[in-house]
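Here are a few friendly notes to read alongside the model.

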Amino acid sequence: MTQPHIDRLASGLLVQTAAFADAVAGADWDAFVPTCPEWRLRVLVGHLGQARRWAAGIVRSGSADGIPDPREAVPPRDWRAWLLAGASELVEAVLAVGPGTPVWTFAGPGPASFWLRQSTHDTSVHAVDAALLAGVAYALEPDLAADAVTQCLELLSSPVAATLKPAVASLWGAGSIGLRPTEESVEGWVITRTPTGVSWRRGPGATDVTVTGAVEDLLLVLMRRLPPQRVAIDGNGQLFDHWLAHSAL
């Protein structure tokens, strides 16, 4: 499966931004978000509106001017429109400069589409955070959930990953993990730990531990939004537990 087309990412960003807004409508903005325990809901709302505009600025200029603090974001009275406008601003910025235009990213130079892809998947996970807080249903499209898993593995196997998050170096060593979606349309992943880093590939293969579940559940377990019990684990479960404990970016 290849990376989704730019239009697919754009539609996914807008859909999940709206889903986030729907989930938090009427919720207590001072409540802590269980799956983001350090953030109150108002900070999470601020993050989504602030981060999309920050990413749009990077796309337009090609460089970053600091990293914004979501605790300083102040959503306006019409916060729903503000969130949707921020998502649209990022989409328009990527289309204006061209998806392949080189820009700054936290993983090194990359195409402008990096920020649309990263923002789409970040928003999707936070839409689930909001839904879990509010006790309402959520839904992630399998193709976008699969691409979010792929992007996560791309970042974790990047040469700069351990610089961004030193704990990632604890993933280096030995052992392999297989991720097997139950959807026939979604290809799985094989993750290999080596003494100098992490590598991965798409497809089947023999591994020390195999994790099987709907691709939505695989993503949310990997992102520590759902417990490992949500998926089937066959083999060295301690290896997968160790992965979950050290793979946060």
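1. A word on naming before we start: helices (H or I, at least four residues) and strands (E, at least two) are DSSP runs, numbered from the N terminus. With that in hand, α4 gives the largest share of the lining of the largest pocket, 7 residues. Please keep in mind that this is a predicted model.

2. Staying with that pocket, its volume is about 1,500 Å³. Its lining counts 41 residues, and those nearest the centre are His47, Gln118, Asp122, Lys165 and Leu249. At least two lining residues come from each of β2 (36–40), α2, α4 (113–134), α5 (142–156) and α6 (161–164).

3. What is the make-up of the lining of the largest pocket, in nonpolar, polar and charged residues? The lining has 24 nonpolar residues, 10 polar ones and 7 charged ones.

4. The volume of the largest cavity is about 60 Å³. Around the largest cavity sit Gln16, His121, Ser124, Leu140, Glu141, Leu144, Ala145, Ala148 and Leu219. Two or more of these lining residues come from α4 and likewise from α5, and α5 has the largest share with 3 residues. By type, the cavity lining splits into 5 nonpolar, 3 polar and 1 charged.

5. Now the aromatic rings. The count comes to 7 aromatic pairs. In one of them, the ring centres of tryptophan 29 and tryptophan 79 are 5.4 Å apart with the planes at 70 degrees, so this pair is edge-to-face. This pair links distant parts of the chain, 50 residues apart: tryptophan 29 belongs to the loop between α1 (6–24) and β1 (32–33), and tryptophan 79 to helix α3 (residues 79–97). Tryptophan 29 and tryptophan 79 are both buried.

6. Another pair worth a look joins tryptophan 54 and tryptophan 104: the ring centres are 6.2 Å apart and the planes at 70 degrees, so this pair too is edge-to-face.

7. Is tryptophan 104 buried or partly exposed? Its relative accessibility is 32%, so tryptophan 104 counts as partly exposed. Tryptophan 104 also belongs to one aromatic cluster with Trp54, Phe106, Phe114 and Trp115.

Note on methods: Residues numbered from 1 in each chain as written. Predicted model: local features only at pLDDT ≥ 70, side-chain atom pairs only at ≥ 80, totals over all residues. Heavy atoms only, no water. Phe/Tyr/Trp six-rings, centres within 6.5 Å; stacked < 30°, edge-to-face > 60°. Buried < 20%, exposed > 50% of the residue type's maximum accessible area, 1.4 Å probe, protein only. 1 Å grid on protein atoms, 1.4 Å probe; cavity = no way out; pocket = protein on both sides within 12 Å on 5 of 7 lines; lining within 4 Å. Points joined across faces, edges and corners; volume = space filled by probe spheres on them. Nonpolar A, V, L, I, M, F, W, Y, C, P; charged D, E, K, R; others polar.
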